[in-house]
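Subject: Structure handover

Hello,

Here is the structure I promised to pass on. Please open it alongside this note.

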Amino acid sequence: MNSKMINEPSYPKVNYIGNKEKLLDWLFDSLPKGTTSIFDAFSGGSSIGYEAKRRGYSVISNDILSINSKLAHALIENSTETLDKKDLDTIFTGEPLKGFMYKNYSEVFFFPDECMELDLYRKNIDKLSSEYKKSLAFSLIRRAMIRKMPYSRFNLNWDNIKQLRDEEYSYEKYKRRRAYHNESFKSHFMKELSVYNGAVFDNGKHHKTYNDDVFYLLDKIHADIIYLDPPYTGTMNNYHGFYGLLDEYIAQKKLEPFSNNFRDKKSILELFDKLFSNLSNFKYWILSYNNGAYPSKEELIEIISRYSDDIEVIEKPHNYQITGKAKKSKNMEYLFIIKNRGLE
Ligand SMILES: C[S@@+](CC[C@H](N)C(=O)[O-])C[C@H]1O[C@@H](n2cnc3c(N)ncnc32)[C@H](O)[C@@H]1O
């Protein structure tokens, strides 16, 4: 291995539901040539934006969930700042306290003493010296919280969580103890620290992160490509339910589910029409979707053809890894590659 390969930046363990990690080569090899900037409008766990940065693009990221924009801010927009010993002392100093998590989520998602630790770390993260460091710390706390949570999502009830965190029960039932659910937040944080720090790199380009409803940004941003990876309607796609707790941890208050969430079958055709009617700033529109979702490929083509007559769809068999579901259905992943003739 030469030194370039040793230093090659690599995407850390994020474990985002609906991520595109296993599709990256297929997807990037299919992107139009001669493009240098990309707007990852539904960035989720940032697998696409990170790979785009690795491949030399200037990346603009957005997600409606604040925790996802912290990830993009820490790993994509940030090109230089990492967490050092002093920062760790800041994060892990002091006594656990009874704050937002303790009051609202003791024996809802975590044990009371764990909530108090989270409350201490949350308070301490605010003391870090830069916004990039704070985002990196939130990304690592996120990772620790996800590791301790059965099925890696925050829409399970406490009885279920307690049972799945019972190592004897887990061993008897699944032949796996899953002891990592009972490891401390700090231990998870420290285990991933060098991986997350090592993922920060500079590709010589400028990057920008947003945390907004995509519909507010479409006329404000310019890029060669807009990459659209919305929740797939009709599939397991309750992103507020999965990860809203992380946003509440950041905001220190209860939050309502967001709208324009691509979940409602009744309004989804209108929402897609609204999306494609607003993409005039971008040369290419790239959409990910699959055959298990609604609307169908044909219906999507019908909507998109109102705005462009240059549409190509490529397909690849792909199963999303869904923990907690016994059966995986056979899926075909679609990539719609659309040219905006209005910008020719
Ligand atoms: C399929 S996931 C994206 C996965 C991502 N490409 C990855 O590799 O991890 C869809 C994302 O869309 C976000 N989202 C849903 N509605 C949105 C909206 N109106 N504006 C911006 N983001 C939205 C969700 O929070 C979720 O993270």
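Below is what I found, element by element.

This is a predicted model, with local features needing pLDDT of at least 70, side-chain atom pairs counting only at pLDDT 80 or more, and totals for chains, interfaces and linings using all residues. Residues are numbered from 1 along each chain as its sequence is written.

Helix H3

Of its 8 residues, 7 are buried, so H3 is largely enclosed by the rest of the structure. Buried means 20 or more other C-beta atoms within 10 Å of the residue's own; exposed means 12 or fewer, and partly exposed lies in between, with C-beta atoms placed from the backbone. The buried set is Ser47, Ile48, Gly49, Tyr50, Glu51, Ala52 and Lys53. These residues pack against helices H2 (24-29) and H4 (66-77), and against strands E1 (37-40), E2 (58-62) and E4 (223-228). Contact here means C-beta atoms, placed from the backbone, within 7 Å. Just after H3, Gly56 has a positive phi of about 95°.

Leu27

Leu27 sits in helix H2. It has 22 C-beta neighbours inside 10 Å and therefore counts as buried. Leaving aside neighbours within four places in sequence, Leu27 contacts Lys20 and Leu335. Leu27 and Leu335 are 308 residues apart along the chain, yet their C-alpha atoms are separated by 7.6 Å.

Ligand shell

There are 23 residues around the ligand, and Gly18, Asn19, Phe42, Gly44 and Gly45 come nearest. To be near, a residue needs its C-beta atom, placed from the backbone, within 6 Å. The shell divides into 10 nonpolar, 9 polar and 4 charged residues. Nonpolar covers Ala, Val, Leu, Ile, Met, Phe, Trp, Tyr, Cys and Pro; charged covers Asp, Glu, Lys and Arg; the others, Gly among them, are polar.

Helix pairs

Helices H8 (131-148) and H11 (185-199) pack at about 125°, with axes 9 Å apart. Axes are lines fitted to C-alpha atoms, for helices over the stretch in contact, and angles run from 0 to 180 degrees between N-to-C directions. H8 and H11 are therefore oblique to each other. Under 35 degrees is roughly parallel, over 145 roughly antiparallel, 65 to 115 roughly perpendicular, and the rest oblique. Residues of H8 in this contact include Leu136, Leu140 and Arg147, while those of H11 include Phe185, Glu192 and Tyr196. By class, the contact has 9 nonpolar, 2 polar and 4 charged residues.

Helices H13 (268-276) and H14 (297-304) have axes that come within 9 Å and cross at roughly 40°. That makes H13 oblique to H14. Leu269, Phe272, Asp273 and Phe276 of H13 meet Leu300, Ile303 and Ile304 of H14. This contact holds 6 nonpolar residues, no polar ones and 1 charged.

Backbone points

Most residues other than glycine have a negative phi, and most peptide bonds are trans. Which places are worth a look against that background?

- Tyr151 is not a glycine but has a positive phi of about 65°. It lies in the loop between H8 and helix H9 (158-165). With 17 other C-beta atoms within 10 Å, Tyr151 is partly exposed.
- Arg178, also not a glycine, has a positive phi of about 50°. Its loop runs between helix H10 (167-174) and H11.
- Tyr294 and Pro295 are joined by a cis peptide bond, with omega about 5°. Pro295 is in the loop between strand E5 (282-290) and H14.

Best wishes

Methods: Helix = DSSP H or I, 4+ residues; strand = E, 2+ residues; numbered from the N terminus. Contact = placed C-beta atoms within 7 Å.
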